[in-house]
Amino acid sequence: MSKELPAIPFNKFMIQAVYQWMVANDWEIFLTVNTLYRGVMVPAGYARKDGIIILDISPTATGNIDWGVDDIAVTLRFNKVPHLVRIPYHSVLAIYCPNNGQGTSFAPMEDQRSTKKENVSSSESSENPKPISHLRVIK
């Protein structure tokens, strides 16, 4: 009996294809990313309270984009300071051009949620992630 190998995420190919199409048309390229998903690495404090962050990954806004097997690694500027950002393909909710609305969106993948509110670096995973509370401990 042959063992099934994990498939490369379908979103990877769709995101890359739409990205290349937008580059060919010289359009701006934005990603909507859910930072609550495992493996997302963005600077703290830039995502909305619901974990959503919108990133400009246009060639004019980035250096090199590394299209890895599981994620996109790119250096982006936040308040004029460059930061390495990692975006797993499963965390991308949309890729689009803000000027004309062209692009595509992806269904959220609930099983990929992290137990952290905002991931500066998230490598741990949990079998049953707990819901994220909006409450915080004050001492």
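This is a predicted model: local features need pLDDT of at least 70, side-chain atom pairs count only at pLDDT 80 or more; totals for chains, interfaces and linings use all residues.

Modeller: Residues are numbered from 1 along each chain as its sequence is written, and side-chain values use heavy atoms, with hydrogens and water left out.

Biologist: Which residues have the most contacts inside the largest nonpolar core?

Modeller: A nonpolar core is a set of buried Ala, Val, Leu, Ile, Met, Phe, Trp, Tyr and Cys residues joined through side-chain atoms within 4.5 Å. Buried means under 20% relative accessible area, exposed over 50%, and partly exposed in between, with a 1.4 Å probe and protein chains only. Here the largest such core has 26 residues, and L31, L55, V85, I87 and I95 have the most contacts inside it. At least two core residues come from each of α1 (10-24), β1 (30-34), β2 (52-56), β4 (71-78), β5 (81-88) and β6 (92-96). These helices (H or I, at least four residues) and strands (E, at least two) are DSSP runs, numbered from the N terminus.

Biologist: What does L31 touch?

Modeller: Contact means heavy atoms within 4.5 Å. Not counting residues up to four places away in sequence, the partners of L31 include I53, L55, I72, I87 and I95.

Biologist: In which sense do β4 and β5 pair?

Modeller: Two strands pair if DSSP finds at least two bridges between them. For β4 and β5 the sense is antiparallel, over eight bridges, and V74 stands opposite V85 in β5. The hairpin of these strands has two residues between them, and N79 takes a positive phi near 55°.

Biologist: How many salt bridges does the count come to?

Modeller: A salt bridge is a side-chain nitrogen of Lys or Arg within 4 Å of a carboxyl oxygen of Asp or Glu. By this rule there are two. One joins D71 and R86 (3.5 Å, N to O); D71 lies in β4 and R86 in β5, so the pair ties together parts that are 15 residues apart in sequence. D71 is buried, at 17% relative accessible area, whereas R86 is partly exposed, at 30%. D50 forms a salt bridge with R48, with the closest N and O atoms 2.7 Å apart. D50 is partly exposed at 42%, and R48 is partly exposed at 49%.

Biologist: Is S91 buried or exposed?

Modeller: S91, in the loop between β5 and β6, is buried, with a relative accessible area of 0%. Leaving aside neighbours within four places in sequence, S91 is in contact with T32, V33, N34, Y37 and V40.
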